[in-house]
Amino acid sequence: MPRDASLKTMTEAHFHLPGLFEFFDFYKIFLPLYNAHRDWFYPWGHIASIYGSPTGCIWAGGRIERSGICEKKGLEEVRDFLSSFGISSRLTFSNSQLTKEHLADKKCNLACEIFEKGGGVKNGVILHSDLLLDHLKATYPDFYFVSSTTKVLTDFEDFRNELKREDFSYVVPDFRLNKDFKNLNSLSQSQKDKVEFLCNECCWTGCRERKNCYKSVSREVLGLESATVHVCKAPGGKEGYRFSKAMKNPPFISISDIQETYLPAGFSNFKIEGRSLGSALLLEFLLYYLTKPEFHIHLREELYLDNTLDLF
C-alpha cells in the first residue's frame, strides 16, 4: 500500500545542502556512496536539494563566490548529475540590490536556461528581489521559488505574511525564529510545509547588522564603486565559522531537535549553511545530520582514501 503523502511529510526530514557548484567535486564522490550505502545514513532523512551559485553571477547574494563552475558544459553536468539522483538543484540568486538593467545578464540567464529544465527533477531559485522574481516567473516558469533568509525576517508576522505568498514554495526565516514554538505551532500544516529552517547558523543572536551585511555583499557582487566590505563587530566575529560554536547557539537545530520536536510538530525542511566554509566542514555537517554515528568512520575512510578530493 502506498504511503500517505501527508504522513511522509510528517516523518521525513528534507535536507537542503550547500555547495551545488562550489563543492561539486565532493558531491561527485559523496552522492554515489550515499546512494550505495543507505544503511550508513538515517532512514528518516534525505537530501532534497543542493544550492549554490555559479562563479561570476551578479544575481548571487549572501556570500561572495570565489570558486565554482560557470561554463555551459559544466552547468549541464551539474544539472544532469543531481537529476540522476533525484535531487533538486537550486540556484542561489539572492542579491537584494538588483536593478532592471541587471536582469539582462547573460551568465545568469544562461544558468536559468540550463537549470529550468531539470531532466525529470524540478529545480528552484533562492531569491530576495521581487524584481528578479517577476523576471523569472515570466521567463522561466518551470522553476519553483524560495524566499531567501537574506530578507532577515525576524518579526514573526512578517514571516507569516511571507508564507502566505503563493509565489514561494519555501520560505527561510531568520535563524532567530527557529525556537519561537508558540508562533510556529500556530501555523497551518500547509504553511509548516513551506518553512525551511536554517539549522547551523553561527552568527551572534544579538546581531543587528545582519541585513546590512547581506546588503554589503550584494553591492560587492555587483561591483558597485560605493560597495564597502562589511566588517563583523559581533562578539567572536573575528573567529570565523566554528561548528562547535554554532552548536551552542540558542537557535541551533540539533538532530534530536529534528526528531523529537520539529518532525512531530509537522516541520520537515532543514537548510544547512556552508557554501564558503570548505569541504572539510561540509563533511562534518553531513556526518552530523545524515550519517549514523557507527558509520562515520566508514564514510570518512571512503572519502579520505579517494585521492581526487582535497578536504583540507
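User: Is Tyr170 buried, partly exposed or exposed?
Analyst: Keep in mind that this is a predicted model. Buried would need under 20% relative accessible area, and exposed would need over 50%. Tyr170 comes out at 21%, so the label is partly exposed.

User: Which Arg lies over the face of Tyr170?
Analyst: A charge counts as over a ring if, for Arg, CZ is within 6 Å of the ring centre and within 35 degrees of the ring normal. At 4.8 Å from the ring centre of Tyr170, the residue over its face is Arg90.

User: How many aromatic pairs does the structure hold, and what geometry do Tyr144 and Tyr170 have?
Analyst: The total is 28 aromatic pairs. For Tyr144 and Tyr170, the ring centres are 5.9 Å apart and the planes sit at 65°. Planes over 60 degrees apart get one particular label, so this pair is edge-to-face.

User: Where in the chain do those two sit, and how many residues apart are they?
Analyst: Tyr144 belongs to strand 5 (residues 144-147), while Tyr170 belongs to strand 6 (residues 170-171). The pair links distant parts of the chain, with a separation of 26 residues.

User: What about Phe243 and Phe252: what is the angle between their planes?
Analyst: These two form an aromatic pair, 6.2 Å centre to centre. Their pairing is edge-to-face, with the planes at 70°.

User: Is Phe252 buried or exposed?
Analyst: The cut-off for buried is under 20% relative accessible area. Phe252 has 6%, so it counts as buried.

How values were computed: Residues are numbered from 1 along each chain as its sequence is written. This is a predicted model: local features need pLDDT of at least 70, side-chain atom pairs count only at pLDDT 80 or more; totals for chains, interfaces and linings use all residues. Side-chain values use heavy atoms; hydrogens and water are left out. Rings of Phe, Tyr and Trp (its six-membered ring) pair if their centres lie within 6.5 Å; planes under 30 degrees apart count as stacked, over 60 as edge-to-face and the rest as tilted. Helices (H or I, at least four residues) and strands (E, at least two) are DSSP runs, numbered from the N terminus. Buried means under 20% relative accessible area, exposed over 50%, partly exposed in between (1.4 Å probe, protein chains only).
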